[in-house]
Amino acid sequence: MATAPLPTRPRIPSGTHAATPPSHAKPAPHRRPGFRREQLSGWGMIAPAAVLLLAFIFIPAILGFGLAFTNARLISPRPIEFVGVDNFARLFTDPTFYRALLNVAYFTVVIVPVQSGLALVMALLINKKFRGVNFFRTVYFLPVVTSMVVVSLLWLFMYRKDGLVNEILSAVSFGLINGPDWLGDPNTAMPAIIILSIWQAAGFHMIIWLAGLQGISGELYEASQLDGTSRWQQFRYVTWPGLFHTRSLVLVTITIQALGLFDQISVMTQGGPMDSTTTIIYEAVQSGYRQQETSYASAISLVFFVLVLIVSAVQRYLTREKD
Amino acid sequence: MKNQLLLRSAGTMLVRILFAVVAAFPIVFMLVSSLKPDQQIFGDMSSLAAFLPVGNISFDNYTAVFDRVPAARFLLNSVGVSAVTVILGIFVNSLCAFALSRMQVRGKKIVFTAILATLIVPFQTLALPLVWWVNQLPYFELNGFSLEFSKGWLDTYQVQIIPFIANAFSIYLFHQYFESIPKELDEAARIDGAGWFKIYRQVVMPLAGPATATVAILTFLPAWNSYLWPLMVVQSEELRPVMIGIQYFFQLNVSWGEVMAYASLITVPVVVLFIAFQRSFVNSIASSGVKG
């Protein structure tokens, strides 16, 4: 048994050379030889990652859930007390929180279709091999390797009243458009943040679309070409259905990213002007870090997590595979 | 017909260039402005000179940055933290994926499901409870000859590294890639008397180059770019990473030339690294791992 040919996967304990006659290898009564060793080595290999995930994801997640119902502070001499739903009661009567919800909804509803659409166009533009394809792939991806913090800083400068954005607008309209003070006006602050966010992140989703496009068999395109389909028909009946799984991946990743909007706000507007750009995570960090109210921040985080779960569940339902 | 095709491909090329210009212009603007004095940056803004290194070009802004901010220290911290996170991350995650993919470990299905479940928890929801939690964790410090026990990881290097080593997405990427490597190779190695760790190290990992490259970059980028986390857990100046250095510029009298110089300083290393690995990176993501 133990020395059966390859296809039946012999399990020989390490150290036992293949040339050893079978009679010398004593098979265990029920289990393949090497079974115990495989269990031990296997668990030994899984353990480091498993322990770290347990310590830094599972435990904080459960803790966050628990702390939301207490009065814990980051550094406090007083013992932690259970306070029931006090934190949530305070949260749901806070007008800033509703403003934050509204802002995040606005941001997400615009970002999801526009960014995924532009990313798909970019992916289609560089899908087929042509001279210089690597150049374009690199350039399209450049904003993604630039950190969101640097991007925010850079656009903060470009969005000034006398900044580059307004100068370009004025140049292309021959002086007709006199741009606003983008980040200083409650009406334009969020659109300004939306534009730079799309600029920074579209390249990442382009890569995911590209992965999907490369997975569509070339034969399908050849077949459709023989049938004399137009470019649009080809996209509609070959490419789009072929991107089914990619589509939901792009949708989910963009949505979760959008709901967690933080870096741009922290660098550029600090939630202002007049709360027009404050977000759920920004509020959580404000209370948890600046005011050290761990419990209240945990409550906000918990509400955020539930929101993410609901939105993903709804998306999954809407994009499910139909017969 | 032929003319039409030619026109169409010229049109496509034009669109490609348009997108490239939009993607590149802010970065070019940043690099060019970092070489100019403030007055000239504003003077050049209304013409194409904003994107050209013309006029009074110098590295003065960079010298000023090193005077204002301990930039060398910040760069060193970020290089150290990112490198350690990437190296340990590749090791720990690939090892776990190896056992889950190629060994018959009892209970591995449950473990794999639990690992993938962590993907639905966005880091932002964990960040605040995690700050509280790492502040409770024990920590041993070798002080001279005595091992000292202290509580709280706040304001250390390890708090910037250890929570980010294990990553479900990296494990998933390695797992997917390992599945495509023929299992017969393991059998052959086992017949030759190789142990499991030897198979991992000498058979499977040498074949997993593209997956390793992808995981390396996907671990490096957030480590280098991290901002929210060090903002909350690092107070000492000598432990701060590069992104936190940005706060030094928002005092009175912002010098935009200096801001652009600092922004370029912390971006260029990543861009150079990316361009060096771009072929293997973009192609490996596009072909290997990220599929729904």
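**Reading a two-chain model**

A: Let us begin with chain B of this predicted model, whose secondary structure comes to 13 helices and 2 strands.

Q: How many helices and strands are there in chain A?
A: Chain A has 13 helices and 0 strands, and from the N terminus on its elements run α-α-α-α-α-α-α-α-α-α-α-α-α.

Q: What radius of gyration does chain B have, and how is that value read against a compact globule?
A: The value is set beside what a compact globule of 292 residues would have, which is near 19 Å, whereas chain B has 24 Å. The extent along the principal axes can be read as well, and here the C-alpha atoms of chain B fill a box of roughly 75 × 70 × 35 Å.

Q: What do the contacts within a chain say about residues that lie at least 24 apart in sequence?
A: Taking the contacts in chain B between residues at least 6 apart in sequence, one finds that 73% join residues at least 24 apart. When the contacts of chain A are taken in that way, between residues at least 6 apart, 64% join residues at least 24 apart.

Q: How many residues of chain A and chain B are in contact with each other?
A: The size of an interface is often given as the accessible area lost when the parts come together, but it can also be described here by residues, with 82 residues of chain A in contact with 80 residues of chain B. On the side of chain A that touches chain B, helix H1 (residues 35-67) of chain A gives the most, with 20 residues. By class, that side of chain A has 54 nonpolar, 22 polar and 6 charged residues.

Q: At what angle do helix H7 and helix H10 of chain A pack?
A: Two packed helices are described by the angle between their axes and the distance between the axes. Helix H7 (residues 186-214) of chain A and helix H10 (residues 244-259) of chain A pack at about 160°, with their axes 9 Å apart. Because angles over 145 degrees count as roughly antiparallel, H7(A) is roughly antiparallel to H10(A). Their crossing is right-handed, and the contact between H7(A) and H10(A) has 7 nonpolar, 4 polar and no charged residues. Among the residues that meet there are A:His205 and A:Trp209 in H7(A), and A:Leu249 and A:Gln257 in H10(A).

Q: Which helix packs with helix H4 of chain B, and at what angle?
A: Helix H4 (residues 71-102) of chain B packs with helix H11 (residues 209-225) of chain B at an angle of about 145°, with their axes 9 Å apart, and the crossing of H4(B) and H11(B) is right-handed. The residues of this contact divide into 8 nonpolar, 7 polar and no charged, including B:Gly89 in H4(B) and B:Phe220 in H11(B).

Q: How many residues of helix H6 of chain B are buried, and what covers them?
A: Helix H6 (residues 123-134) of chain B is mostly covered, with 11 of its 12 residues buried, and B:Trp132 and B:Trp133 are among them. The cover includes H1, helix H12 (280-290) and helix H13 (294-318) of chain A, together with helix H7 (158-161) and helix H12 (228-233) of chain B.

How values were computed:
Residues are numbered from 1 along each chain as its sequence is written. Chains are lettered from A and ligands numbered from 1 in the order in which they are written. This is a predicted model: local features need pLDDT of at least 70, side-chain atom pairs count only at pLDDT 80 or more; totals for chains, interfaces and linings use all residues. Helices (H or I, at least four residues) and strands (E, at least two) are DSSP runs, numbered from the N terminus. The radius of gyration is taken over C-alpha atoms; the globule rule is 2.2 Å times the number of residues to the power 0.38. Two residues are in contact if their C-beta atoms, placed from the backbone, lie within 7 Å. Ala, Val, Leu, Ile, Met, Phe, Trp, Tyr, Cys and Pro count as nonpolar, Asp, Glu, Lys and Arg as charged, and the others, Gly among them, as polar. Axes are lines fitted to C-alpha atoms, for helices over the stretch in contact, and angles run from 0 to 180 degrees between N-to-C directions. A crossing is left-handed if the near helix is turned anticlockwise from the far one by less than a right angle, and right-handed if clockwise. Angles under 35 degrees count as roughly parallel, over 145 as roughly antiparallel, 65 to 115 as roughly perpendicular and the rest as oblique. A residue is buried if 20 or more other C-beta atoms lie within 10 Å of its own, exposed if 12 or fewer, and partly exposed in between; C-beta atoms are placed from the backbone.
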